[in-house]
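Here is a short briefing on one protein model.

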Amino acid sequence: MKVLSFGSLNFDHVYQMHHFVEAKETTSSLSYQKGFGGKGLNQSIALAKSGIDVYHAGRVGEDGQPFIDYLQKYGVKTDYLKKDVDEVTGHAIIQVCNGENCIILHGGANQAIDEKQIDDVLQHFSSQDMLLIQNEISCLDYLIRQAHQKGMKIAFNTAPMDEKVFKYPIELVDIFIVNEIEAMGLAKVQSHDVDDIIKGLQDAYPDKQIVLTIGSDGSYYIGSGRVIHQDAYQVHAVDTTAAGDTFTGYFLASLLRDESIENALRIASKASSITVTKDGAAQSIPSLQEVLGSL
């Protein structure tokens, strides 16, 4: 089985801050770093570092050659990554303060993905393969329908969560991967109580597999009439950027290797806990050897 990660690529502009900028405020950063990011890129690298054969499809601007080189450095196949002469590469403005972050996204070339590109890519994949998507690229409704028509298994990380998600044919998705806020939106519940969120997800999507991450409170698998909980590994968080993407990649990798749900949650949780102890996005994702060696 191959994994097609059809997703976003962003230049990350990361600013370490005393506090998050407020309305009408101008303030100085403690430091600045430019790196490679985008949920699509991060999840592709997490899959590759966990030992899975992954192809990244997406779109960058003419300045996007560094992304191709970067993905290839980590073993991600870039056959279906397209350069766009009319759009700039997507980018993110990231403030980091006390281990937390807030992010502004500009989609750029990520929002120029069209039906022709999707058709050109999907002809190379079959019912034996998995599609991994996030909510940071255009034409997702068409991509979901066409992948389902080919019989591909579809995993959807609904981030960022917004009303567009409900305009997609999400009934065709096999696996949802969400954090607490995304889960509340997906299940349309107002309560932050984990039990209420889980019940809302079960009621709304009884036939789906759902992975729910709750930060320091751990993670849950919901599906097939079961709810399985995994405690979070307690670490000192330096930067939470890419923690969820690491979890997604490592969890799916374990499923693809036919490991138990319990083990998939355990390995994904450990990988994510290592990511938050390092600065940056993709570069903070650990290798499989590092994860297994720390269990």
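The points below are grouped by topic. The model is predicted. Its largest pocket has a volume of about 1300 Å³. The disulfide count is 0.

**Largest pocket**

- The lining of the largest pocket is made up of 47 residues.
- Asn101, Asn179, Thr240, Ala243 and Gly244 are the lining residues closest to the pocket centre.
- Several strands give two or more residues to this lining: strand 2 (10-16), strand 6 (90-97), strand 7 (100-106) and strand 10 (175-179).
- Helices that do so are helix 1 (39-49), helix 5 (180-187), helix 7 (243-256) and helix 8 (261-275).
- Helix 7 supplies the largest share, 5 residues.
- By class, the lining holds 22 polar, 18 nonpolar and 7 charged residues.

**Strands 12 and 13**

- Strand 12 (residues 219-223) and strand 13 (residues 226-230) run antiparallel, joined by 5 bridges.
- Ile222 has Val227 of strand 13 as its bridge partner.
- The two strands form a hairpin with 2 residues between them.
- In this hairpin, Ser224 takes a positive phi near 55°.

**Cysteines**

- A disulfide is a covalent bond between the sulfur atoms of two cysteines.
- The model has 0 disulfides by the distance rule, which asks for sulfur atoms within 2.5 Å.
- For Cys102, the nearest cysteine sulfur is that of Cys97, 8.7 Å away.
- Cys102 is in no disulfide.
- Cys102 has a relative accessible area of 27%, so it counts as partly exposed.

Note on methods. Residues numbered from 1 in each chain as written. Predicted model: local features only at pLDDT ≥ 70, side-chain atom pairs only at ≥ 80, totals over all residues. Heavy atoms only, no water. 1 Å grid on protein atoms, 1.4 Å probe; cavity = no way out; pocket = protein on both sides within 12 Å on 5 of 7 lines; lining within 4 Å. Points joined across faces, edges and corners; volume = space filled by probe spheres on them. Helix = DSSP H or I, 4+ residues; strand = E, 2+ residues; numbered from the N terminus. Nonpolar A, V, L, I, M, F, W, Y, C, P; charged D, E, K, R; others polar. Pairing = 2+ DSSP bridges. Buried < 20%, exposed > 50% of the residue type's maximum accessible area, 1.4 Å probe, protein only.
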